[in-house]
Amino acid sequence: MKTDFNSDSESSACRLSEIRPGSECEVMGVDLGDAAGRRMLDLGFLPGTRVQVLRRAPLGDPSLYALRGFQLCLREADSRHVRVTRKASKEPSR
Amino acid sequence: MSESDFQTQRTAPLRLALIGSPNSGKTTVFNALTGLRARVGNYPGVTVERREGTLRLKSRTAKIIDLPGTYSLDPVSPDEAVVGQVLAGEIPDTPAPEAIVIVADACSLERSMLLVGQILNLGLPTCLVVTMIDELRARKGQLDLERLSAALGIPVTGVIGHRGIGLAALREQLASPETWSSPPVMPPTDQIERAAWADSILQHVVEKRPGTHTVTDWVDRIVLHPVWGVALFGFVMVTFFQLIFSWATPAMDLIDLGVSAASDLSRTLLPAGFLADFVADGLIAGVGSVVIFLPQIVLLFSLLYLLEDVGYMARAAFVVDRAMARVGLEGRAFVALLSSYACAVPGIMATRTVPSPRDRLVTILVAPLMTCSARLPVYTLLVAAFVPARDVFGPIGLQGLVMLALYLVAPLSATAVAAVLRKTVLQGEPMPFVLELPSYRIPGLRLWLSQIWGSAFAFLKRAGTIILLTSMLLWVLLTFPQTTPPSGLSPDEAASYALEHSAAGQAGKAIEPLIAPLGFDWKIGVGLLASLAAREVIVATLAQIYSASDPDASLRTAIRADIRPETGKPLFDPPTVAALLTFFVFALLCTSTLATMARETNSWRWPAFAFGYLLVLAWVAAWGVRQIFIALD
């Protein structure tokens, strides 16, 4: 799979879909292999963007995220294209 | 009128394109600008709806094209590529726009800026409309639109679309794209640099980011709760379904009464004969078969738009998406399928909430499998006549169990068919699923009423005419050629004789070899042909064939007594009854549904496909069930 915007491979690096609700992370890069990856970029998941994971749907998927001042729901299948590092939440999740 | 005014009047209308991401309020702005006079069609080759409206401005008229909602000009599917093709003038009969109007939601402006950057690079005169200014204020956000305009170098107008605020200024603006300022420097084309460009502009413009909507935050704790959220979802859907079913029934009964009163009246007013028959049974019954759908359509869309405008529909999709994803559909398709349990016509119309054209098409194609209320009279007749009324488990009777099974087969077969369609006819990389949860709001009454009226009007105009014509055509086929029945027949027997010798009767005999493997004879064949008008019509048609004076008790007795001449055994033996029930589970015997499908997909290709695949499925399933029953006998 073609990987763009590659940055360092920290040990705390993981997928957006793996971040627990209530915690925060920072986008490292996006896997641009297919339509979903490109769409993540269009939606503003760009390196350096802070993302909060707000909640999961009752059945476990999709999840609600907050970034750049707006919120949206993504399925696990799409959000795993976003590579992130975990960040300590500075403020209680909004 | 001055000379120059006269010239602008004569020039061709200004061509504008409206572009924005889904949920940006683009459609609200489009409707507010053009009224409900949009011309709807299809882009060639894809199932994307093409909406164009006429906008009367002070000095000139403009044609405004409402492009499908998009997050980016880089398409991820052929459906999305349409936006770029329209802007480049690559679509036949759709000349490239002279100016672009971008619509962005004030609360998610940061995301829309990436799209704004892409569009500015096209170099066309562009202006930006920022919607939902009221919600931004409610969420304590602050945005300096003048500075935004200065930073982008293009005109920016703030509007509150659903209240019509700011639209006068926007109209003024749209009249003269020649005077719009253009950006002094083009935004960068690289995605990362574009994001930096957007951030630097937003830093000067966003005085305060919108906070969370307090009420929304509070309500969502319950609405999206793992337990309460699911319970509420179930409650809302059951109520929704119940209301469509039970509230529509009195109105539909009233329409039925009105139609038969009107047809009786026409018989008393007109001299007996062909004209009276045509007016009473063809024309008035045909109009009735259109109007009968209105209670369900109006009720469904009242509830649907109410839930949508309040903000619940997106939450419902969020809650149910996982379950729908299993069969290759998405959360927003759920309501359409549920509505199809009442009637596929409003159900198919409700698929408009599904943004991906391919998902929407799959939903439309499986909607007719849901057990609509028109199947109920058919099931009731056959079950009451042929399924023994004995108890199986305590008070639970066999008849009830058979009815339950018939209702349960529907969602099972629909999910199976959806999965198959996804892998065959409508295959392709699944579209990324993006859903936004709008803040809860008190819906505007005017917008709500105009949405309901829009749906009802669209049905009457596009589907209604086709339904009226086909039901009149079926009446002609069931009536002509007229033959003189032999003397000495009772009126019921004469009616039966006339039907047997009509074009439809002959057609029933002609298709007999095709349906004989299912155990059906020509009489059932005529019933099936007549049921194309509406499934329940088979009951009345069988009543006419069997010279039964009422379609209830005496029809039941008559079909029980019918003997197959070749074997001397009952025509309706258990294998045949099971096959007929199965046939009705699958077959798309409903021209209203076909007409609605044609209207919603803007082509006859998909209704033809749906009719064909469901007919094959119905035949094969009915044959299989019959074989099983014969083997068990």
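**Figure 1. A seven-stranded open sheet that draws on chains A and B of the predicted model.** The strand order is S1(A)-S6(A)-S2(A)-S3(A)-S4(A)-S5(A)-S12(B), with antiparallel pairing. At the edges lie strand S1 (13-15) of chain A and S12 of chain B, each of which pairs on one side only. Strands of a sheet pair through backbone hydrogen bonds, either parallel or antiparallel.

**Figure 2. Strand S5 of chain A and its pairing with S4(A) and S12(B).** Strand S4 (residues 63-67) of chain A is joined to S5(A) by five bridges, and the two run antiparallel. Between S5 (residues 70-74) of chain A and S12(B) there are two bridges, again in an antiparallel arrangement.

**Figure 3. The side of chain B that touches chain A.** Here 34 residues of chain B are in contact with 28 residues of chain A. At least two residues each come from helix H4 (109-120), helix H8 (191-205), helix H10 (228-269), helix H13 (312-325) and strand S12 (434-435) of chain B. H13(B) contributes the most, with six residues. By residue class, this side of chain B has 20 nonpolar, six polar and eight charged residues.

**Figure 4. Domains of chain B, with the contact between domain 1 and domain 3.** The assignment divides chain B into domain 1 (3-211), domain 2 (228-373 + 400-445) and domain 3 (447-632). Taken over C-alpha atoms, the centres of domain 1 and domain 3 of chain B are separated by 50 Å.

**Figure 5. Helix H16 of chain B and what covers it.** H16 (residues 357-366) of chain B is mostly covered, with 10 of its 10 residues buried. These buried residues are Pro357(B), Arg358(B), Asp359(B), Arg360(B), Leu361(B), Val362(B), Thr363(B), Ile364(B), Leu365(B) and Val366(B). The cover over them includes helix H3 (78-87), helix H14 (334-340), helix H15 (344-349), helix H18 (398-423), helix H27 (591-601) and helix H28 (605-632) of chain B.

Conventions:
Residues numbered from 1 in each chain as written. Chains lettered and ligands numbered in written order. Predicted model: local features only at pLDDT ≥ 70, side-chain atom pairs only at ≥ 80, totals over all residues. Contact = placed C-beta atoms within 7 Å. Helix = DSSP H or I, 4+ residues; strand = E, 2+ residues; numbered from the N terminus. Nonpolar A, V, L, I, M, F, W, Y, C, P; charged D, E, K, R; others polar. Pairing = 2+ DSSP bridges. Domains from an automatic or database assignment. Buried ≥ 20, exposed ≤ 12 C-beta atoms within 10 Å, placed from the backbone.
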